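Hi there,

Here is the structure I promised to pass on to you. Have a look at it first, and then read my notes below.

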Amino acid sequence: MMPGTRRVTMKLIADKAGTSISTVERALKNRLGISQTTKENVLRVARELGYLAGSSMHALRPLGKIRLGMVYPTEPDAFYRQITAGINAAQKDLQALGVEVEHIRYASQCQELEVEALDRVNPADFNALAINSAGPDIGRYISRFTEQGLPVITFNTDVSNSMRRFFVGCDSLQAGHIAAMLAGGGIFGEGNVLAIGNQPLTQPYADRMAGFKDMLSRKFPHLKVHSWMECCAKPEETEKRLAAQLDALPLLRGIFCTGYYCTVRMINVLKSLNRKDMLLIGFDTSNELLDSLEAGWCDVLLYQNPYRQGYVAVETLAQYVQDARLPEISKINMATQIIIEANACNFR
């Protein structure tokens, strides 16, 4: 039977996917308790059957072509590969309604590289843009496109004081608060805590750092926070500098990494020094980081669901182009999830 010739239920999806109804529900509602492979299989079957539960796509109607430009980097690949998968899945779900997506990529999360990419964008080619901001100067481009009549949203990284319509992603200040509560709750006695990051001009990293330092100083004043935002794109140089930071801080009890890149680099340093004597809270995930978590080189990973960010950015931007209606905050605000050894298998 072809998709669309009968009502698609969770039971039908479960039968086709070879799993249970409860597993289907978890996958469709993006809940914990199933592996990434199982979730992707369920979502693939659901798309093939034409099931779009709980989605604003029910309200979309064919309007001719809606061309969306998605502006975001290629590196780090392990993170942005997941965003790309979400974008592609949303495009596939919406293509029958006339939605087309163009990926406008640049090499790494660098403001200068993104500016070069945006300089090549012709506003007449698109109905709207979604931009993964690499720094505050991107706000000028958002204003320029907006004044030319091209709606712009941000996703994954924000420029909150710009003319963007809305932001799809994680509340980074809240994520910093969560990291501080985890660090303070897991460290007993006085000592130093190191908060590290890269791309200090990018709002999410600055917000995570600020949230972490603020919450730790208020709730755990016996712990002194030292921040270091000098990670660079050269792995060997970065790891050498990070090792020097470890040597320079006596009584170092914990580390908070504000992003994927610095998490990978710090774990490599700890492995090279054979050190498991401090609490390490990292950000984002990949199979490499999950392996390190399960092996004890990392204690916690904070997860912002990049696949969902990519998917929702396309879906809500298409909806906005159609009716100029802002999405509900609950749909575009990605909750920060906590990954520990006990549930790491659910994120592979």
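Alanine 324 counts as exposed, because its relative accessibility is 52% and the cut-off for exposed is over 50%. Please keep in mind that this is a predicted model. To find alanine 324, go to the loop between helix H12 (306-323) and helix H13 (329-332). Its backbone is worth a look too: alanine 324 is not a glycine, yet its phi is positive, at about 60 degrees.

Leucine 251 gives you another residue other than glycine with a positive phi, here near 55 degrees. Where does leucine 251 lie? You will find leucine 251 in the loop that runs between helix H9 (235-248) and strand S8 (252-257). Is leucine 251 buried or exposed? With a relative accessible area of 64%, leucine 251 is exposed.

Finally, go to helix H2 (residues 21-28), which contains leucine 28. Leucine 28 has a relative accessible area of 22%, so it counts as partly exposed: buried would need a value under 20%. How far apart in space are leucine 28 and lysine 39? From C-alpha to C-alpha the distance is 8.0 Å, while in sequence leucine 28 and lysine 39 are 11 residues apart.

Happy exploring, and do write back with any questions!

Best wishes

Note on methods: Residues numbered from 1 in each chain as written. Predicted model: local features only at pLDDT ≥ 70, side-chain atom pairs only at ≥ 80, totals over all residues. Heavy atoms only, no water. Helix = DSSP H or I, 4+ residues; strand = E, 2+ residues; numbered from the N terminus. Buried < 20%, exposed > 50% of the residue type's maximum accessible area, 1.4 Å probe, protein only.
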